[in-house]
Amino acid sequence: MPKLSAALTDTTSDGINGLNIDLVAPFVYNDYIFGFKYGLGNLEKLPQFLFAKKVFKTSNGDISLDADFTVDDKVLAVKSEWYNKDLGLSIGVNGNSKQPFTGVNFFKDGIINGKKVRLSTAYDIVKKNVKGIVTSQVKGIATLQVDANKLAVRFDGKNPFFSITNAIDRQTEITPVINLSTGNVHCEFFHKWSGGSLKSVLFPGSKVELQWKDTGVGGSWTTTANLPLNEAAGKPKISISRDWSF
């Protein structure tokens, strides 16, 4: 299904270029999905990237392959994943033409004492070249989910974080997060309803981040806001995006 996206970032705009208008057009042929993403703000350029996807069904599970080709950088990225529904097991590997191995992901579902349990982990390896010096940065997350509650340890390449997600009901979650290096704590609140959701993140004494999604007929709106609580945190920023599905 083709999708047209438009975004106004940080309340600034410079004509059609400033609107960040993108067209994502997928097509289906014999169970293959392929298409392109095109930035309408720069009509003289080629598409930003081309993509293709195929799911192969076997007796031992489903194997999915996702390929993206970035036109400017001429980089081909491939994601592969194997999933067995009977085992509740999924294993995935990512790579690209410049870096054969960029990440891995895994999850295992099960039932313990009548509760749905999922153990999952994902790691990304990003290589950076700064003044000719190549370094590798590892980012990852490991989670243990029991029904709707979840424990997670995340590493962003610099600091480890620990979080506990408490599901108040089917629509509402509260997640305190602690930076294990600095001891700083922030709190995330998420609430969803039919046709939309609201996520808010409170950084005590610093700022509040908000993300509101509203889904309607033919597309959805996403509004994000960064609201500082003091002058040191900078100025307020608001971004608005719209997706149209055809």
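**Exercise 1. Classify Lys57 by its accessibility, then find its salt-bridge partner.**

Step 1. Lys57 has a relative accessible area of 68%. Buried means under 20%, exposed over 50%, and partly exposed in between (1.4 Å probe, protein chains only). Lys57 is therefore exposed.

Step 2. This is a predicted model, where local features need pLDDT of at least 70, side-chain atom pairs count only at pLDDT 80 or more, and totals for chains, interfaces and linings use all residues. Residues are numbered from 1 along each chain as its sequence is written, and side-chain values use heavy atoms, with hydrogens and water left out.

Step 3. Apply the salt-bridge rule: a side-chain nitrogen of Lys or Arg within 4 Å of a carboxyl oxygen of Asp or Glu. The side chain of Lys57 meets that of Asp62, at 3.4 Å from N to O. Asp62 has 26% relative accessibility, so it counts as partly exposed.

**Exercise 2. Locate the nonpolar surface patch and name the element that gives it the most residues.**

Step 1. Set the rule. Patches are made of residues with over 30% relative accessible area and no salt bridge; like charges are joined within 9 Å, nonpolar side chains (Val, Leu, Ile, Met, Phe, Trp, Tyr) within 5 Å. Areas come from the Shrake-Rupley method with a 1.4 Å probe; for residues, only the protein chains shown count as cover.

Step 2. List the members: Phe27, Tyr29, Tyr32, Phe34, Leu50, Phe56, Ile63, Leu65, Phe69, Leu76 and Val78. Together they have about 950 Å² of accessible area.

Step 3. Strands E2 (22–29), E3 (32–39), E4 (49–58), E5 (61–70) and E6 (75–84) each give two or more residues. Helices (H or I, at least four residues) and strands (E, at least two) are DSSP runs, numbered from the N terminus.

Step 4. E5 gives the most, with three residues. Ile63 lies in E5. At 33% relative accessibility, Ile63 counts as partly exposed.

**Exercise 3. Describe the backbone and exposure of Asn30 and Asp31.**

Step 1. Asn30 lies in the loop between E2 and E3. Asp31 lies in the loop between E2 and E3 as well.

Step 2. Asn30 is not a glycine, yet its phi is positive, about 50°. Asp31 has a positive phi near 70° and is also a residue other than glycine.

Step 3. Asn30 is exposed at 54% relative accessibility. Asp31 is exposed at 60%.

**Exercise 4. Find where confidence is lowest and where it is highest.**

Step 1. pLDDT is the predictor's confidence in each residue, from 0 to 100. The protein's mean is 86, and 84% of its residues reach 70 or more.

Step 2. Helix H1 (residues 15–18) is lowest, at a mean of 46. Strand E13 (residues 172–179) is highest, at 97.

Step 3. Over residues 12–18, pLDDT stays under 50. Where pLDDT is low, the predicted coordinates should not be read in detail.

Key
Contact means heavy atoms within 4.5 Å.
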